[in-house]
Amino acid sequence: MTRVSILNLVPKYSHETMKESFDRAVNLAKFADKHDFTRYWVAEHHNSQGVLCSATEVVIAHIAENTSRIRVGAGGVMLPNHIVFQVAEKYGTLDAIYPGRIDLGIGRAPGTDVETARLICRNPYKLDGFQDAIEELLRYFYDENHDLKVAPFPGSGSKIPVTILGSSLDSATVAAKLGLPYSFAGHFAPRSVESAFKYYRTHFKPGKYLDKPYTILGLSANIADNKTDADALEFNAIQVFLQTLNVKDRKAFEKINPDEAPNLTSMEKFALRTMRGLHIGGVKDEAVKKWRQLKEKYQPDELIAVCYIPEYDLLEKSYAMLEDIVLND
């Protein structure tokens, strides 16, 4: 059975306060905690008024404090922006406070625009350097470090699960070689999913972290129980996608009235056809059909879905239907 999880970037809409955005994220986590979702991840992003999870470990602590069962973690930490030792300390501390519930997904991109990356990026890793950094992190988590002159406490020996994140074949090579779980961002890089998963599964080396490959497929989901709501959610999802493309104007997301929206330009239509990632949407029957197509093609061990819906009742309903579709298929 495929597992199902939630990825939340803590989106902020222009009509709400930051506190309201975080409250929605917490409410969704409480909902997931009471249901059968496996994990609840937030992802590091910077320099965007529409995405509020820049201080990722702080958000993780807030979510973990308001839940009791579900795994909570980073999907992920963008390692170029951090010192490996400090990542081990921070996530080791989270694990000490919330034992057995903390995940750590690691990515190689800076997770932001060029100007912000110049400010915060400490090490623009090439692939070999990224793998070395992951191995350093794993030594802190899985080996006894008491004989080291410098070791992370908390963190040392904590055995926090590490997942490699990616949107290209490069990340698949690292995950396969180190024998770690692999999560692919299909919600914004759909064309490389199949080849990356194939490489990862073919070249996976079993070891002390995993005895067989484990894949997590990221996508977006907007499901409703009637066509009117489904059409409205699809319109909103398209608008959010188009707003994320505007890197020069990173405002909070606008909730646009469909009756007042301008027609899409030819470039916007092209972007929707070529750049929009994997997604499950529509009414439930349509969503079931789409999920079965994706499941057959990619065969993920786990699905992790991001959802941009400002109305909490519709957000929860969408995830509830996704849970039912995935777990009962």
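Because the model is predicted, local features need pLDDT of at least 70 and side-chain atom pairs count only at pLDDT 80 or more, while totals for chains, interfaces and linings use all residues. Residues are numbered from 1 along each chain as its sequence is written, and side-chain values use heavy atoms, with hydrogens and water left out.

**Exercise 1.** Describe the largest nonpolar core and name the residues with the most contacts inside it.

*Solution.* A nonpolar core is a set of buried Ala, Val, Leu, Ile, Met, Phe, Trp, Tyr and Cys residues joined through side-chain atoms within 4.5 Å. The largest such core has 101 residues, and Tyr40, Tyr91, Leu104, Tyr319 and Leu322 are those with the most contacts inside it. Taking tyrosine 91 as an example, and leaving out residues up to four places away in sequence, its contacts (heavy atoms within 4.5 Å) include Thr56, Ile60, Ala74, Leu104 and Ile160. Another core, of five residues, lies apart from the largest one, and among its members are Ile238, Phe241, Leu242 and Ala271.

**Exercise 2.** Decide whether asparagine 222 is buried or exposed, and list some of the residues that it touches.

*Solution.* First place asparagine 222, which is in strand β7 (residues 215–224), where helices (H or I, at least four residues) and strands (E, at least two) are DSSP runs numbered from the N terminus. Its relative accessible area is 5%, so asparagine 222 is buried. Residues up to four places away in sequence are not counted, and among those that asparagine 222 touches are Leu233, Gly281, Cys307, Tyr308 and Ser318.

**Exercise 3.** State how many cavities of 30 Å³ or more there are, and describe what lines the largest cavity.

*Solution.* On a 1 Å grid over the protein atoms alone, a cavity is a set of points where a 1.4 Å probe fits but cannot get out, and lining residues have an atom within 4 Å of a point. Grid points are joined across faces, edges and corners, and a volume is the space filled by probe spheres set on the points. The count comes to two cavities of 30 Å³ or more. The largest cavity holds about 100 Å³ of space, and of its 15 lining residues, Asn8, Pro11, Arg24, Cys307 and Leu315 are the closest to its centre. Helix α1 gives the largest share of this lining, four residues. The second largest cavity has a volume of about 40 Å³, and its lining consists of Glu44, Glu57, Val77, His82, Val87, Lys90 and Tyr91.

How values were computed
Buried < 20%, exposed > 50% of the residue type's maximum accessible area, 1.4 Å probe, protein only. 1 Å grid on protein atoms, 1.4 Å probe; cavity = no way out; pocket = protein on both sides within 12 Å on 5 of 7 lines; lining within 4 Å.
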